[in-house]
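Biologist: I would like to go through this model with you and ask what stands behind each label. Please show it first.

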Amino acid sequence: MTLTNKFQERVRRNVQDFKHAFTSREAFVKYVETKPSAAANGTTTETVRNQWTNEDLDISPPGHRTWGWYDYAAFWFNYGFSPGMWYLGAALLANGLTPGQALGCLFLGFVFGSVGIVIHSRAAATYHFGFPVESRLVWGLWGSYFPVIIRALCALIWGGVTIATGGYFTSVLLRCIFGNGYWNMPSHIPESSHITVQQLIGIIVYWFMTCWTLNVPLPKLRRAYEIQMLVTPPVIIGLFIYCMLTGRGHAHQALYDVAPKHGAALSWALLAAVNSGLAKTTTLMVNQPDIARYARNRVAPVWSQLIMFPAASTACAAMGIYATQSIFNAWGNIDWNPWDLNHDMLDHDFSHGRRAGLAIINLVFIFGNTLIELGANVIPFGADFMSLFPRWLNIKRGMWMCYILGVCICPWQILATATGFLKFLNGYSIFLGSFLGMALTDYLVVRKGNVFVGDLYQPRGRYWYLHGVSWRAFATWIISISFMLPGFAQTFGAHIGASGNGWTHLYAFSWFYTCTISSVVYFALSFVGNFAQEERAMPFESLARTNDGVEELQAVEVVSEVHLPVEQKV
């Protein structure tokens with residue numbers, strides 16, 4: 001059978017299944033339900049459904065463990081060597097730092113971030129579960145919904161931001177194709193909305209142009225990152241060379257009219273810059289299990305991530321800083337966003353060659369932006385949203401929800417200004433840092449890497465705690481973020497009083513504070529009662545070495561009343 005015939009047969013079968021779904025209520029329920037487990041054969045009635053799992057919440061089967069060290073290296077190189085890092089470095093100069101200071105702080109933040117990414121990969125690469133299931137270790141089965149919802153909101157916001165970014169690149173592409181007649185058409189959208197009709201059209205076109213990628217199986221997505229690793233660097237390096245050549249021979253001008261900082265003010269600004277670099281990676285550190293679960297072995301996500309991410313990210317941020325400065329020296333415009341830079345280039349030269357070159361550049365940016373969006377935001381949101389409704393949603397359906405809702409939150413407001421973008425980065429990290437601190441302490445220190453995987457899907461098991469909720473996790477989270485809230489409020493305009501500077505300074509290293517305090521408090525509370533005593537008595541990751549932790553999942557037959565016949569219930 002040829003490829004065309006296979007495709008036609010698949011389409012025909014899908015159409016038949018869709019029509020059959022409307023023949024009865026039972027047929028419709030069966031059609032929209034997810035598979036009850038990763039081992040299910042496509043029908044939901046042959047396997048007893050557990051309300052705590054489905055095909056994607058289940059442990060990743062061996063056939064899905066396809067990511068090698070080079071795939072993780074490609075993923076993190078692409079994330080670091082991308083337009084997102086280009087404008088992050090330039091944005092820091094608005095706070096009064098020199099290029100050298102900004103790059104040093106970013107590199108330090110990226111190094112800390114890569115260490116967190118590698119360490120948080122360990123549990124998922126060992127037991128092959130995602131973040132929603134890992135959270136049950138710390139929070140309990142019902143309690144895990146809290147970190148899942150918090151992370152889902154952050155992933156949704158970031159997903160919206162990356163959709164808007166892709167839309168801006170698409171608007172450049174459309175201008176290259178249709179000319180200035182398209183670009184200069186009147187926009188009746190209020191200026192306070194921080195978006196033009198051309199950019200809105202770009203976002204819509206980008207959405208429909210890339211939404212098909214949500215249907216690519218996640219284990220196969222690694223090939224796309226390998227391709228991106230080959231095509232993106234020449235484009236970014238070429239754009240950097242163009243900017244440097246354009247600014248050559250022009251007098252140096254200060255990008256921002258900001259007085260240089262000295263003494264204590266400089267120290268706090270540097271600390272805040274390090275925190276910004278860390279904040280850029282906070283979501284990724286928390287998200288890491290959703291990617292590490294597909295690792296071929298425990299070593300695959302280690303050195304490739306530890307080295308590639310800080311090196312690629314710092315290099316791209318440096319290019320963004322010096323390219324922005326060079327173009328400002330030549331043209332007097334602060335183009336800290338790559339799409340603004342591209343439009344500025346078209347304003348200075350609208351020749352056919354320039355339009356063709358920028359069209360190719362932005363096609364590559366669109367391709368790279370789509371892959372980064374999937375790995376960093378859309379997949380994690382899909383995993384989180386799926387865990388809330390596992391009977392009806394799998395990761396793919398959750399990803400579609402992210403892609404739809406991401407546009408509805410008007411993310412272009414966040415990208416409006418450089419300082420506003422940094423406020424957003426620093427703000428949401430305080431809510432996620434404690435998740436990482438507790439997860440690392442729980443797995444590496446308290447449980448010594450031992451997990452009874454079956455109990456992660458079983459009510460009233462080892463991780464049920466008190467009515468499905470761990471009071472230790474909630475107490476730790478409240479304690480760790482409580483001292484950050486005044487500084488967080490002050491950043492967005494709230495008046496704190498005479499002690500406002502103190503709260504602001506504490507907020508400057510919010511990620512370090514929340515992550516460290518949550519680790520210490522959680523470790524202290526783990527000695528209250530008989531908590532994880534069985535795991536503490538075992539050698540490190542002994543359950544993983546014997547496979548007992550994973551194999552016992554196959555023995556879980558409990559839970560749910562869904563689809564059980566009357567005779568079986570009795």
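This is a predicted model: local features need pLDDT of at least 70, side-chain atom pairs count only at pLDDT 80 or more; totals for chains, interfaces and linings use all residues.

Biologist: Why is S144 called buried?

Modeller: S144 has a relative accessible area of 2%. Buried means under 20%, exposed over 50% and partly exposed in between, with a 1.4 Å probe and protein chains only, so S144 is buried. S144 sits in the loop between α6 and α7 (145-178). Its contacts, leaving aside neighbours within four places in sequence, are P132, S135, R136 and W139.

Biologist: How do you know that S135 is buried, and where does S135 lie?

Modeller: The relative accessible area of S135 is 5%, so S135 is buried. S135 belongs to helix α6 (residues 131-139). Beyond four places in sequence, S135 touches G140, S144 and P147.

Biologist: Why is α5 called roughly antiparallel to α13?

Modeller: The axes of α5 and helix α13 (residues 303-331) cross at roughly 155 degrees and come within 8 Å. That angle makes α5 roughly antiparallel to α13: under 35 degrees counts as roughly parallel, over 145 as roughly antiparallel, 65 to 115 as roughly perpendicular and the rest as oblique. Axes are lines fitted to C-alpha atoms, for helices over the stretch in contact, and angles run from 0 to 180 degrees between N-to-C directions. Residues of the contact include L106, F110 and V118 of α5 and F309, A317 and Y322 of α13. By class the contact of α5 with α13 has 17 nonpolar, five polar and no charged residues.

Biologist: What makes a residue nonpolar, polar or charged here?

Modeller: Ala, Val, Leu, Ile, Met, Phe, Trp, Tyr, Cys and Pro count as nonpolar, Asp, Glu, Lys and Arg as charged, and the others, Gly among them, as polar.

Biologist: What makes α10 oblique to α14?

Modeller: Helix α10 (residues 222-247) and helix α14 (residues 338-348) have axes that come within 13 Å and cross at roughly 55 degrees. That angle makes α10 oblique to α14. The contact is made by L239, Y242 and C243 of α10 with L341, N342 and M345 of α14. These residues divide into five nonpolar, one polar and no charged.

Biologist: Which residues touch the most other members of the largest nonpolar core?

Modeller: F129 and V451 do, in a core of 141 residues. Another core, of five residues, lies apart from it, with M484, L506, Y507 and Y513 among them. A nonpolar core is a set of buried Ala, Val, Leu, Ile, Met, Phe, Trp, Tyr and Cys residues joined through side-chain atoms within 4.5 Å.

Conventions. Residues are numbered from 1 along each chain as its sequence is written. Side-chain values use heavy atoms; hydrogens and water are left out. Helices (H or I, at least four residues) and strands (E, at least two) are DSSP runs, numbered from the N terminus. Contact means heavy atoms within 4.5 Å.
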